[in-house]
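Hi there,

Here is the structure I promised to pass on. Have a look at it first, and then read on for what turned up.

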Amino acid sequence: MSLLPLPPSNLLYIALRRLCSFEMKMERATKRIRDDEGSQGGEYQRGEVWYEDGNVVLIAEGTTFRVHRGVLSQRSDAFRDMFAVISGSQPVDAEMWEGCPVVHLSDRKYELKHMLTALYDGKQYFNVRAKLDLVVASTMLQLGMKYQIDDIKQEAIECLSYRFPSRLGYFADLAKGVSYKHIIPIVALAWKFELYDILPVAFYWCSQMSVDELIHGWVDEHGTQWRLSPEDQARCLKGLSTLRLQCIKEWAFLLHGKPTERCADREGCESRIAKFGVKYLDGTFPHTETPLTHWWSMSLPRDCQLCRSCMDEVQRQFNKGRIEAWNALPTTFGISNLVQWTIE
Ligand SMILES: [Zn+2]
């Protein structure tokens, strides 16, 4: 935003409109004023991002971050506008902290820490492909949007697209340490920022939650309550029902399966396929598996002990059902009209 020849009050109004939730408390805060001789302790805690030569102090939830106006202004139009307003209209007795002007933000302190670290450390902070951190990714997306930091926003979107892909070839199990409930904040972000293509896989993982988690959600370590909307809860429950039917369909061929023409052990394979069919029917089949479970993580290849030819045929049939389930995933969760999906 270019600076217009408006009085400071108008500039402030424009900035506040643009930044929405940005809180710039420029009231006369006499009790908080600190002089240039420096002050320590007091009512704020020092955050992890603190540069002694910084020239502005950002405060979120009582935690201070001393950073550089130039660095933030270069990367973010929103910060640049914000600092321009402060420079132009700073009252003489405005709040200072350790010699720097103070800006209060409405963000959570951990969010601000992540964003400032990413700003100073660059893309390597994400380390997306090696180890995805959904909390970092979602924080980057929110603050990248809010403060108009394009590369952080884009990196966050790529990170989420990588983990919630629209191509079956990129679909992978949840990263270690991530449970199904951690996907709830991702669903909220996808709706908020219209990242619809990540929703089918996000809903797929949500549908694997326990009913308690699905209905009641959870509270994270920062005290934030996460819960799916009633509409999304319904999507997951309906989707789960469809996934179970697809799973039955995917494996049904085994009920009447025969050894292949090139079977190396007709008698043995016939007996084992029949035995597996019985397990399937009497409910001892591992129903924790879904139609999208990877072949290599299933118990069947280990348990069934078929000859190579018969196992290849089983895998071929399995992959056919898996692809059908994948292609139907947006429809399974009722969002096919919103999603650009790659049909396999
Ligand atoms: Zn065989």
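Which residues in H5 are buried? This is a predicted model, and in it the buried residues of H5 are Leu 134, Val 136, Ala 137, Ser 138, Thr 139, Met 140, Leu 141, Gln 142, Leu 143, Gly 144 and Lys 146. That makes 11 of the 13 residues in this helix, so to speak a mostly covered one. The cover over those buried residues includes helix H4 (109-121), helix H6 (150-163) and helix H7 (184-192).

As for its geometry, H5 spans residues 134-146 and reaches 18 Å from its first C-alpha to its last, close to the 18 Å expected at 1.5 Å a residue. After the helix comes Gln 148, which has a positive phi near 55 degrees.

The other part I would point you to is strand E3. Four of the five residues in E3 (residues 63-67) are buried, so the strand is largely enclosed by the rest of the structure. E3 is joined to two strands:

- Strand E1 (residues 45-50) runs parallel to E3, with three bridges between them. Here Gln 45 has Thr 63 of E3 as its bridge partner.
- Strand E2 (residues 56-60) runs antiparallel to E3, with five bridges between them. Here Ile 59 has Thr 64 of E3 as its bridge partner.

E2 and E3 form a hairpin with two residues between the strands, and Glu 61 in this hairpin takes a positive phi near 50 degrees.

Best wishes

Methods. Residues numbered from 1 in each chain as written. Predicted model: local features only at pLDDT ≥ 70, side-chain atom pairs only at ≥ 80, totals over all residues. Expected span 1.5 Å × (residues − 1). Buried ≥ 20, exposed ≤ 12 C-beta atoms within 10 Å, placed from the backbone. Contact = placed C-beta atoms within 7 Å. Pairing = 2+ DSSP bridges.
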